[in-house]
Amino acid sequence: MEILQIVGNIIVSQILTKTEIVMSLISLVGLVLLKKPVEKIVSGVIKTYIGVTIFTLGLNSVQAAVGVFTNMFANLITGGQGLENAIRVPVNFSAAETGAMAGYMLLIGYVVNILIARFTKIKMIYLTGHWSFFMAQFIAACVMNYLGLTGAAPIIIGGIILGIYQAVFPYILQPYTAKLTGGLPMALGHGASFFALIASVIAPKIGNPEKNMEDIEVPDRLSFLKEIVVTLSLTMMGMYLILALFNGQAYMETISGGQNWILFALFQGLLFSGSYMVLLYGIRSFLAEITPAFQGISTRLVSGAIPAFDGPVFFQYGNTSLIIGFITSTIFSALGMVVLMQMNLPVPIMMVNVENFFGGGITAIYANKFGGRRAAIICAALYGFLTTIVRALYFPMIVPELEWAQIACDADQAVVVTLIGYVGKLLGLAKYAW
Amino acid sequence: MARLNIGCVCGCGMGSSLLLKMLATNVLDEQKINANVDCYDSGTVPGDVNLIITSTAFYDGLKEQFNGKIPVLCIKNFSSKEEMAQKLQEAGII
């Protein structure tokens, strides 16, 4: 019996709580249900495991670059009191612990999504695996760290919330998405969907759809901005450089390890971008196994399902809006950062210019459809500013995933995680004041 | 004939390119055509793929980059197997 207990303990504490294993199990279940041949199952499971491993390596590397940023940020807002004053809320869990819990939530979320599509008139199947995964991570971080809940119950509740999110957010936006695509059977499944909804609703009131943004040609040379590695590198070098200049040479030389302080800042920005690309490669590897399995199963179980697709699928409805939206939301996101710097928050918040491209672009595309160029610019500006400052509300709740949250938060994460946090707080579950 | 290598491309190589991959794999499987289909971000497409499939946003850039050496297909409707099949046919794949 003792042996059994030891084995049981090992399984629970060292295998089933490891993100790599949980994600591999998900792809194993999917591939088996799809009756794939053994060799495909083996390679799928291994690729998933390695994908998560690469993701983790990328995240560790991002953390190093974020650490430097945090130091600079903390020095600036605490007047030289250092890193220990940058995060002033308790960090009770590691990203590895919350990540494993997120894996289970992802699985339950898929099941709930299929059940909703099968048995209600909300026929949405959410096919953007990375946004499901991000959402799961932040829900997990919030329930564990802020609300102090662990074990099966919060996994199930979190999974159900995730499943509802996946079905309902694309659904409430669908009347507008259908007009955008001319009635194609596809929905938007992207973290910015809540803001696309806001934009679609207010656009007719602030603009005129006749004055279409797409009538304006953007210079072809601006299209290099669509390459995420270029955009990200340029912005991150800018971010690190500005913070370095504010901190001044004397302080920067204490952290640059003998390197010229300006070069040090620029290199850190590039390190961040390189690490981010590693992260992307890892996510890509495991999603390439999990998403097709989910799609295969859902098409067998749900007839007439509408797939919710990632934002770039909709870029074809507004190439000019995309670029103008990105530039506008970048500027206003930077303004939002200036506001955040004044707020003396208990966590550092950095501006990573990825979602201003995807989310800001999508917002502008929807706004342009329903309110023309004026609405597109105003909504993209609101997007950049609001999705940046709203982080002040919920970032302190998800500190174990803080590095990741800097990169992968959009409007929907703000809505869902903030709601969970505040409902939990009202129920008296909050573990610390925020 | 060497195995066909197809690259599906989008901004980050994990969202819409994966959707293109699933769509293309569906069509190719139906036609019993054996091919490697992989996803790439627009900055890291290797030069040894036989065919590139992408969406409107990245079409012009990729076409310019590969300058007639590798055919580039542009898919508009991500839920249409017909469009994918038609374009693969035009490219001489199926």
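**View 1. The salt bridge between chain A and chain B.** Chain A and chain B share one salt bridge, a term used here for a side-chain nitrogen of Lys or Arg within 4 Å of a carboxyl oxygen of Asp or Glu. Its partners are Arg284(A) and Asp41(B), whose closest N and O atoms are 2.9 Å apart. This is a predicted model, in which local features need pLDDT of at least 70 and side-chain atom pairs count only at pLDDT 80 or more, while totals for chains, interfaces and linings use all residues. Side-chain values use heavy atoms, with hydrogens and water left out; residues are numbered from 1 along each chain as its sequence is written, and chains are lettered from A and ligands numbered from 1 in the order in which they are written.

**View 2. Polar contacts and the elements of chain A that touch chain B.** Five residue pairs, both residues at pLDDT 80 or more, are in polar contact between chain A and chain B. A polar contact is a pair of N or O atoms within 3.5 Å; within protein, one must be able to donate a hydrogen and the other to accept it, and residues adjacent in sequence count only if both atoms are side-chain atoms. On the side of chain A that touches chain B, the elements giving two or more residues are α5 (129-146), α9 (261-301) and β3 (306-309) of chain A. Helices (H or I, at least four residues) and strands (E, at least two) are DSSP runs, numbered from the N terminus. With nine residues, α9(A) gives the most to this side.

**View 3. Area buried between chain A and chain B.** About 2200 Å² is buried between the two chains, 66% of it on carbon and sulfur atoms. Buried area is the accessible area (1.4 Å probe) that two parts lose on being put together, summed over both. Lys226(A), Arg284(A) and Gln316(A) lose the most area in chain A to chain B, together 25% of what that side buries. In contact (heavy atoms within 4.5 Å) are 27 residues of chain A and 23 residues of chain B.

**View 4. The open sheet of chain A.** Three strands lie in the order β1-β3-β2 (chain A), with parallel pairing; two strands pair if DSSP finds at least two bridges between them. At the edges are β1 (124-126) and β2 (187-188) of chain A, each pairing on one side only. Three bridges join β1(A) to β3(A), and two join β2(A) to β3(A). In β3(A), Ala308(A) is the bridge partner of Tyr126(A), and Ala187(A) also stands opposite Ala308(A).

**View 5. The open sheet of chain B.** Four strands, paired in parallel, have the order β2-β1-β3-β4 (chain B). Each of the edge strands β2 (35-41) and β4 (72-74) of chain B has a single partner strand, so one side of each is left without a neighbour in the sheet. Strand β3 (residues 51-54) of chain B pairs with β4(B) over three bridges, and Ile53(B) has Leu73(B) as its bridge partner in β4(B).
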